Amino acid sequence: MEQTTIKIEGMTCNHCKSAVETALTELEGVSGVEVDLKQGKADVSYDSAKVTVSDMNEAVEEQGYDVK
Ligand SMILES: [Cu+2]
């Protein structure tokens, strides 16, 4: 199990927070997501055999947010 922190720009409210959480949680191999709205980041626990950080970045960008 690996952990990473994704820095995300553009989240402004709880809707944004849950959109990002849902998008990341839906990826196969992601087992835990904690989004910090104020700090603009998401802490993710994942299995690197099943999902990559760039998959996660893409999922966040698909929701309309920017990954730094
Ligand atoms: Cu929002």
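**Loop, sheet, core and metal**

Author: Start at Lys38, which sits in the loop between β2 and β3. One caution: this is a predicted model.

Reader: Noted. Is Lys38 buried or exposed?

Author: Lys38 is exposed, because its relative accessible area is 84%, and the cut-off for exposed is over 50%.

Reader: What is the C-alpha separation between Lys38 and Thr12?

Author: It is 8.3 Å, and Lys38 and Thr12 are 26 residues apart along the chain.

Reader: Now the whole sheet. What's the strand order?

Author: β2-β3-β1-β4, an open sheet of 4 strands with antiparallel pairing. The edge strands are β2 and β4 (66–67), and each pairs on one side only.

Reader: How many bridges join β1 and β3?

Author: 6 bridges, in the antiparallel sense. Ile6 has Ala42 as its bridge partner in β3. Thr4 stands opposite Val44 in β3.

Reader: How many residues of β3 are buried?

Author: 5 of its 6, leaving β3 mostly covered.

Reader: Helices next. Which strands does α1 lie across?

Author: α1 lies across β1, β2 and β3, and runs at about 165 degrees to β2. α2 packs on the sheet as well, touching β1, β3 and β4. The direction of α2 makes about 30 degrees with that of β1.

Reader: What about the core? Which residues have the most contacts inside the largest nonpolar one?

Author: Ile8, Met11, Val20, Leu24, Val44, Met56 and Tyr65, in a core of 16 residues. At least two core residues come from each of β1 (2–9), α1 (14–25), β2, β3 and α2 (53–62). α1 gives the most, with 4 residues.

Reader: Take Met56. What is it in contact with, leaving aside its neighbours within four places in sequence?

Author: Met56 is in contact with Thr4, Ile6, Leu24, Leu27, Val44, Tyr46 and Val51.

Reader: Switching to the metal. Which residues coordinate the copper ion?

Author: Cys13 and Cys16, each through SG, at 2.0 to 2.1 Å.

Reader: How do Cys13 and Cys16 compare, buried or exposed?

Author: Cys13 is partly exposed, with a relative accessible area of 33%. Cys16 is buried, because its relative accessible area is 6% and buried means under 20%.

Reader: How many disulfides does the count come to?

Author: 0 disulfides. A pair of cysteine sulfur atoms has to be within 2.5 Å to count as one.

Methods. Residues numbered from 1 in each chain as written. Predicted model: local features only at pLDDT ≥ 70, side-chain atom pairs only at ≥ 80, totals over all residues. Heavy atoms only, no water. Donors = N, O, S within 2.8 Å, 3.2 Å for Na, K, Ca; no water. Buried < 20%, exposed > 50% of the residue type's maximum accessible area, 1.4 Å probe, protein only. Core = buried A, V, L, I, M, F, W, Y, C linked by side-chain atoms within 4.5 Å. Contact = heavy atoms within 4.5 Å. Pairing = 2+ DSSP bridges. Axes fitted to C-alpha atoms, helices over the stretch in contact; angles between N-to-C directions.
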